[in-house]
Amino acid sequence: MMPSKLYLERLEKIKKTIALENDKPMTSYLGPATPAAYMGVTMAEYVNDLDKNLDVALAYLNAINERTSVDSLNSGALGVKVNVLLAGLWLSRVKMPGRELPENSLWQVEEKKVMQDEDYDLVIEKGYDALVQKIFPQIIDMNELQEFTIYMEKNGANNVKKIIDNDYPIINSGAAAPPFEMLCGARSMTHFFMDCYKKPDKVRAAIEAMLPRMIENMIGAVKGANGMGTWVGGWRGASAMVAPKIWDEFVWPPMYKMGMACIENGIVPTLHLDQNWDRDIARFREFPAKSIIINTDGLTDLRNARKVLGDHAAFMGDVPPQLLSTGTPQQVKNYVKNLIDDIGPQGLFISSGCDAPANAKFENMVAMFEAANEWS
Amino acid sequence: MGAIAQMLAKLEDENLIAEVEKQLSEGVNPLAIFKECQEGMVEVGNMFSSGEYFVSDLMMAGAIFKQVGEIVVPLLGEENTGKVGKVVMGTVKGDIHDIGKDLVIALLNAANFEVVDLGVDVEPGAFIEALEANPDAKILGLSCLLTTAYDAMKETVEAVKKAGLNDRVKIMIGGGSLDQSVVDYTGADRFGMDAQDAVNIAKELM
């Protein structure tokens, strides 16, 4: 079956927004945990029953969409095991509701050193796959991984079809973390930051050893899903987090290479940037014009970013999570309207800053998108 | 600034440890060395506030300070390091994140606060017990990364009031996604923008 006219219109609008040729802001949803409470499902059920996860998320999206248009999904990660996904991104164990955490808790990443000092030599000598093979059994139940792989082989394509049938184009079919982020997860942040000061040669060599295979995997995943784009994420490598000498050598060059590999393969990289990237925002000009989306969480100054980058890149964001959780619909609307007034609608995807939180108020989610759709 | 303070401020860990050991072997008072390290940490804090240093630098400085402390503090004996106050700290119920909390504790220690660390996923009742067991604690620090933990923060603030401790204890909060709106929501007194800001607020609240 062909996608609907609405789906194709939305898809075209995404392309125009990336090219900064849109007249009105685009809306984009990201909230992997947000639907559960509103839809009356426990978090444990929501994250462990993948069919239910997809159906509940779509019902939630449709409830918003009945009020105001949800033009796109930032991420297509619906009907996926979040602990498997995140463990693969950060090489960290993810504690799950209904298992290690209470039924209605949000999943949480365990901050623990699972990559030992000697594992630097393992990855440098034997490569990325050897590191993953050693770490994975420590952070995930391998039976669960296998079950998820089988589930995706059987249901992955149908799940994407369901999303398309509901008229939601997916901007990002994959998610990749640069080596800095993965090492930070595997070593734990405190240890890894110390490594950057105390043994930069090992960090440098490990990143070089990991990067080619990580790029290959990232491109393969998006092409396999016939997707439009992928996340290239930056969390702990944010400018506010690390000293310039660390950022300049260990954060930016691999992130840039991953982004460029996407562009060279016809894939749009969404630079998903948590925390504050103000110090280094001008570096994103190194990407070809109108080829990337910069996706921020409310801590990077988008007004300054627009001044610095001009019409070089599209932005996605950046309604702060605390506003969606504790604010009023009018406060959310004011935030969105002011943002659009200040940086203009061209190349702008209005979305939550990072994930909309699990306790975001439904009326605030509606208000966020309504403000964008009503802007003139 | 003396050599020790300068080395700490420049994050020269190996030079600093060698200098500390040299000065100790020459009979320099351990308390003087410790105070110079604190002076270095103040400089690190200033550099963070002025945008010269970043979180990774704070973490490195905290680790160096801890390393020196392991050498020097056992030698202090009964000497008074001049604690400026006591803080009870923890990550609230439902949240297991500890990086931000631990960084604040490292900087509070360096600023000569005594900190009672209750860990992560702390029930409101456990905070009350710790405050009652430490009647000289004037500050309660609550940390969270998750927005879903705001309610646990609010519950803890209410428990402090219910226990009649709010005249003695001021409550500061911090974490990933926090601003004044979360202070208003939880009923806390102040929020810290970052770890150094938390230290500044703690000094103000004393």
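Predicted model: local features only at pLDDT ≥ 70, side-chain atom pairs only at ≥ 80, totals over all residues.

Trainee: How many residues of domain 1 of chain B are in contact with domain 2 of chain B?
Mentor: 10 residues of domain 1 of chain B are in contact with 8 residues of domain 2 of chain B. Helix 3 (30–49) and helix 4 (55–72) of chain B each bring at least two residues to the domain 1 side. By class, that side of domain 1 of chain B has 5 nonpolar, 4 polar and 1 charged residues.

Trainee: Switching to strands, what's the order in the open sheet of chain B?
Mentor: 5 strands make up that open sheet of chain B, in the order 2-1-3-4-5, and the pairing is parallel. Strand 2 (113–117) and strand 5 (190–191) of chain B are the edge strands, each pairing on one side only.

Trainee: And what packs on the sheet?
Mentor: Helix 5 (residues 99–110) of chain B does, touching strand 1 (85–91), strand 2, strand 3 (137–144) and strand 4 of chain B. The direction of helix 5 makes about 150 degrees with that of strand 2 of chain B. Helix 9 (residues 195–205) of chain B lies across strand 1, strand 2, strand 3, strand 4 and strand 5 of chain B, and runs at about 175 degrees to strand 4 of chain B.

Trainee: How many bridges join strand 4 to strand 5 of chain B?
Mentor: 2 bridges join strand 4 (residues 170–175) to strand 5 of chain B, and the two run parallel.

Trainee: Got it. How many strands form the open sheet in chain A?
Mentor: 9 strands, in the order 5-2-1-11-10-9-8-7-6, and the pairing is parallel. The edges in chain A are strand 5 (170–172) and strand 6 (174–176), each pairing on one side only. From one strand to the next, the twist averages 30 degrees.

Trainee: Is strand 10 of chain A mostly covered or exposed?
Mentor: Mostly covered: 6 of its 6 residues are buried. Strand 10 (residues 314–319) of chain A is joined to strand 11 (residues 348–352) of chain A by 5 bridges, with V319(A) opposite S352(A). Strand 9 of chain A pairs with strand 10 of chain A in the parallel sense too, over 3 bridges, and there I294(A) has F315(A) as its bridge partner.

Trainee: What about the largest nonpolar core, which residues have the most contacts inside it?
Mentor: I294(A) again, along with L8(B), L58(B) and M153(B), in a core of 186 residues. Helix 11 (residues 200–224) of chain A gives the most to this core, with 10 residues. In soluble globular proteins, nonpolar side chains tend to be buried together.

Trainee: What does M153(B) touch?
Mentor: Leaving out residues up to four places away in sequence, M153(B) touches V92(B), L142(B), C144(B), I173(B), T186(B) and A188(B).

Trainee: How many residues of chain A are in contact with chain B?
Mentor: 26 residues of chain A are in contact with 23 residues of chain B. Helix 10 of chain A gives the most to the chain A side, with 6 residues. That side of chain A has 16 nonpolar, 8 polar and 2 charged residues.

Trainee: Last topic: is R93(A) buried or exposed?
Mentor: R93(A) counts as buried because 21 other C-beta atoms lie within 10 Å, and the cut-off for buried is 20 or more. R93(A) is found in the loop between helix 5 and strand 3 (94–95) of chain A.

Trainee: Which residues is R93(A) in contact with?
Mentor: Setting aside neighbours within four places in sequence, R93(A) is in contact with A87(A), E110(A), K112(A) and I139(A).

Note on methods
Residues numbered from 1 in each chain as written. Chains lettered and ligands numbered in written order. Pairing = 2+ DSSP bridges. Helix = DSSP H or I, 4+ residues; strand = E, 2+ residues; numbered from the N terminus. Axes fitted to C-alpha atoms, helices over the stretch in contact; angles between N-to-C directions. Core = buried A, V, L, I, M, F, W, Y, C linked by C-beta atoms within 7 Å. Buried ≥ 20, exposed ≤ 12 C-beta atoms within 10 Å, placed from the backbone. Contact = placed C-beta atoms within 7 Å. Nonpolar A, V, L, I, M, F, W, Y, C, P; charged D, E, K, R; others polar.
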